[in-house]
Amino acid sequence: MKAMSEITYKPGREPHSRETRRIFRNIDRVGYNPSIECFIEDGGYETLKKAVAMEPAAIIDEVKKSGLRGRGGAGFPTGVKWTFIPKGNTKPVYLVCNCDESEPGTFKDRFIVHQDPHQLIEGMIIACYAVQAHYAIIYMREEFPEAAEIVRKALAEAEERNFLGKNILGSGYDLKIILHRGAGAYICGEETGLINSIEGVRPYPRIKPPFFPAAIGLYGCPTIVNNVESLCQVRQVLMRGGEAYAADGSTRSPGTRIIGVSGDVQRPGYYEIISGSITYGELLYDLCGGPKPGRTFKAIIPGGASAKVMRCDEVLKGRNPDGSVRKMTIFDVPMDLDSIAQHGSMSGSGGVIVMDDSRSMPEMLRNLNRFFAWESCGQCTPCREGNPWMLKLSTRICEGKAAPEDVDLLKSVADNICGRTVCAFGEACSWPVQAFTTKFREEFLALTKPINALKPHNPETAEARKYLTRED
Ligand SMILES: Cc1cc2nc3c(=O)[nH]c(=O)nc-3n(C[C@H](O)[C@H](O)[C@H](O)COP(=O)(O)O)c2cc1C
Ligand code: SF4
């Protein structure tokens with residue numbers, strides 16, 4: 001296994017000095033391909049050998065000790081999730097790798113499955129062994145046809161070498177992993193929608209609780225759903241040991257994180273950093289090279305489309321070590337799960353979307369509204385009906401056909417979706433609307449006209465408007 005200093009990367013893909021490439025060690029590496037030979041030469045499957053010699057419960061303990069939190073968006077502690085499998089369970093346990101990667105602005109899992117699939121497979125085998133699953137599924141979105149072939153080939157290679165199949169490495173443990181391709185829908189990334197999709201029914205998310213998949217999941221059996229990056233991190237935990245892993249980076253969300261930066265920066269792309277080791281300012285100005293020439297940063301969405309937008313000139317309150325309050329901006333906030341949550345947003349799946357002063361915030365929101373209106377699965381009325389309404393309202397605002405009241409109406413639609421739906425899509429679609437219309441209210445209002453200056457859509461509207469404006 002080569003030291004990092006001996007590895008060459010493709011031009012323009014070299015790690016920044018503040019990066020720590022662990023999961024992305026082999027991504028865009030010169031001379032590396034997705035074959036099992038390359039992976040083994042790089043130390044691949046050595047951690048599995050260590051794992052199958054351990055008791056499954058000891059692996060769960062290591063993962064709990066590591067403090068690893070899921071990288072799929074919610075940041076749920078991985079080891080804790082695994083312990084939700086009911087004690088004394090007699091049903092089969094399933095493990096599903098969530099490779100749907102549908103959150104706009106997120107692009108990390110796709111690099112792993114395209115370029116280093118064995119890293120994921122090794123992490124999955126370790127996780128399956130820990131929870132004693134004998135059947136596991138990689139749920140991959142339809143839009144990754146090339147990766148599907150790569151992963152299929154990698155699974156066959158792992159079976160040939162007895163890293164998968166019967167009696168893995170003489171341990172007495174059997175495991176089959178299959179690839180399941182989704183049809184390409186955002187809601188199939190939600191773990192219970194995903195489970196329904198595997199079962200061959202409409203991917204309507206299920207109500208949680210009581211149906212947490214870890215207790216009642218696929219075919220009514222305990223099912224662990226973990227993100228691609230989370231499963232690769234499991235391999236890192238076992239490689240390093242839980243305590244050593246926990247010692248790296250932020251106390252409450254340790255380890256490395258892959259951040260995908262898109263939008264108005266000089267160097268967009270992926271960056272693997274130790275959680276909390278840099279601030280948003282350092283990410284954008286140092287790693288990403290700052291704004292485009294002649295531009296200034298205006299806003300950041302810190303964790304994929306559903307995270308609340310942050311204004312770059314927003315004054316935030318931070319705490320000094322002595323407990324006193326200090327003023328700061330988003331650029332001073334460390335990049336870990338909890339710091340950004342304290343300021344009302346989230347780092348979600350690690351997709352940072354950057355907007356400079358050339359962007360119209362109502363247009364940005366309309367774009368997000370279009371996505372969520374298209375992707376709502378339609379099961380709950382507030383989400384099914386509310387999303388097209390939010391799109392209509394933001395479109396009306398962008399086209400100069402809205403009254404100032406419409407801005408509040410738009411926000412009130414979001415307020416009435418949030419917290420009233422079966423799945424977290426309800427929050428995902430409402431949070432952007434709430435944050436954009438509140439934080440950039442003046443931009444929305446600037447596009448509106450007093451209600452009497454607007455052309456009525458039809459005679460009834462004209463009549464109704466009389467009452468609304470008390471002109472009668
Ligand atoms: C609407 C919606 C879409 C989601 N899409 C994804 C996705 O594409 N990939 C993913 O890993 N998790 C996604 N999640 C989160 C999953 O439901 C689940 O929490 C995650 O796969 C658990 O993995 P982790 O514990 O390793 O983070 C989504 C959640 C929601 C509500
Ligand atoms: S919140 Fe939206 S996406 Fe989620 S179940 Fe309800 S209708 Fe479907």
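Q: Is Asn 162 buried, exposed or partly exposed in this predicted model?
A: The model is predicted. Asn 162 has 13 C-beta neighbours inside 10 Å. A residue is buried at 20 or more and exposed at 12 or fewer. Asn 162 therefore counts as partly exposed.

Q: In which loop does Asn 162 lie, and what is its phi?
A: The loop runs between helix 7 (145–160) and strand 3 (176–181). Most residues other than glycine have a negative phi. Asn 162 is not a glycine, yet its phi is positive, at about 65°.

Q: What is the phi of Gln 132, and how many other C-beta atoms lie within 10 Å of this residue?
A: Gln 132 sits in the loop between helix 6 (117–131) and strand 2 (135–140). Gln 132 is not a glycine, but its phi is positive, about 60°. The residue is partly exposed, and its count of other C-beta atoms within 10 Å is 16.

Q: Which domains does the chain have?
A: The bounds come from an automatic or database domain assignment. That assignment gives domain 1 (33–246), domain 2 (256–356) and domain 3 (361–453).

Q: How many residues of domain 1 and of domain 2 are in contact?
A: The centres of the two domains, taken over C-alpha atoms, are separated by 29 Å. The contact joins 13 residues of domain 1 to 14 residues of domain 2.

Q: What classes of residue make up the side of domain 1 that touches domain 2?
A: The contact with domain 2 involves 13 residues of domain 1. By class, they are three nonpolar, five polar and five charged.

Q: Which strand gives the most to the shell around ligand 1?
A: Strand 4 (223–227) and helix 16 (425–439) each supply at least two residues of this shell. The most, three residues, comes from strand 4.

Q: Which residues around ligand 1 come nearest?
A: There are 25 residues around ligand 1. Nine are nonpolar, nine polar and seven charged. The nearest are Gly 70, Gly 72, Gly 189, Asn 227 and Ser 230.

Q: Which residues are closest to ligand 2?
A: Ligand 2 is surrounded by 14 residues. Helix 14 and helix 16 are the elements that give two or more of them. By class, the shell has eight nonpolar, five polar and one charged. The closest residues are Cys 377, Cys 380, Cys 383, Thr 421 and Cys 423.

Q: Why do the buried residues of helix 15 count as being on the same side?
A: The buried residues are Asp 406, Val 407, Leu 410, Lys 411, Val 413, Ala 414 and Ile 417. They are on the same side of helix 15 because the arc they cover around the axis is only 150°.

Q: Which helices are included in what covers the buried residues of helix 15, and which residue follows helix 15?
A: The cover includes helix 14 (381–398), helix 16 and helix 17 (441–446). After helix 15 comes a residue with a positive phi, near 80°: Gly 419.

Q: Which are the edge strands of the open sheet of five strands?
A: The sheet has the order 6-5-11-7-8, with mixed pairing. An edge strand pairs on one side only. The edge strands are strand 6 and strand 8 (310–311).

Q: Which residue of strand 6 is the bridge partner of Ile 258?
A: Strand 5 (residues 256–263) and strand 6 (residues 269–274) run antiparallel, joined by six bridges. They form a hairpin with five residues between them. The partner of Ile 258 is Glu 272.

Q: Which residue of strand 11 stands opposite Ala 299?
A: Strand 7 (residues 297–301) pairs with strand 11 (residues 351–356) over four bridges. The sense is antiparallel. Opposite Ala 299 stands Met 355.

Q: Which residue takes a positive phi in the hairpin of strand 9 and strand 10?
A: Strand 9 (residues 316–319) and strand 10 (residues 325–328) pair in the antiparallel sense over four bridges. In one of these pairings, Lys 317 has Lys 327 as its bridge partner. The hairpin has five residues between the strands, and the one with phi near 95° is Gly 323.

Technical notes: Residues are numbered from 1 along each chain as its sequence is written. Chains are lettered from A and ligands numbered from 1 in the order in which they are written. This is a predicted model: local features need pLDDT of at least 70, side-chain atom pairs count only at pLDDT 80 or more; totals for chains, interfaces and linings use all residues. A residue is near a molecule or strand if its C-beta atom, placed from the backbone, lies within 6 Å of it. Ala, Val, Leu, Ile, Met, Phe, Trp, Tyr, Cys and Pro count as nonpolar, Asp, Glu, Lys and Arg as charged, and the others, Gly among them, as polar. Two residues are in contact if their C-beta atoms, placed from the backbone, lie within 7 Å. Two strands pair if DSSP finds at least two bridges between them. The arc is that of the directions from the helix axis to the C-beta atoms.
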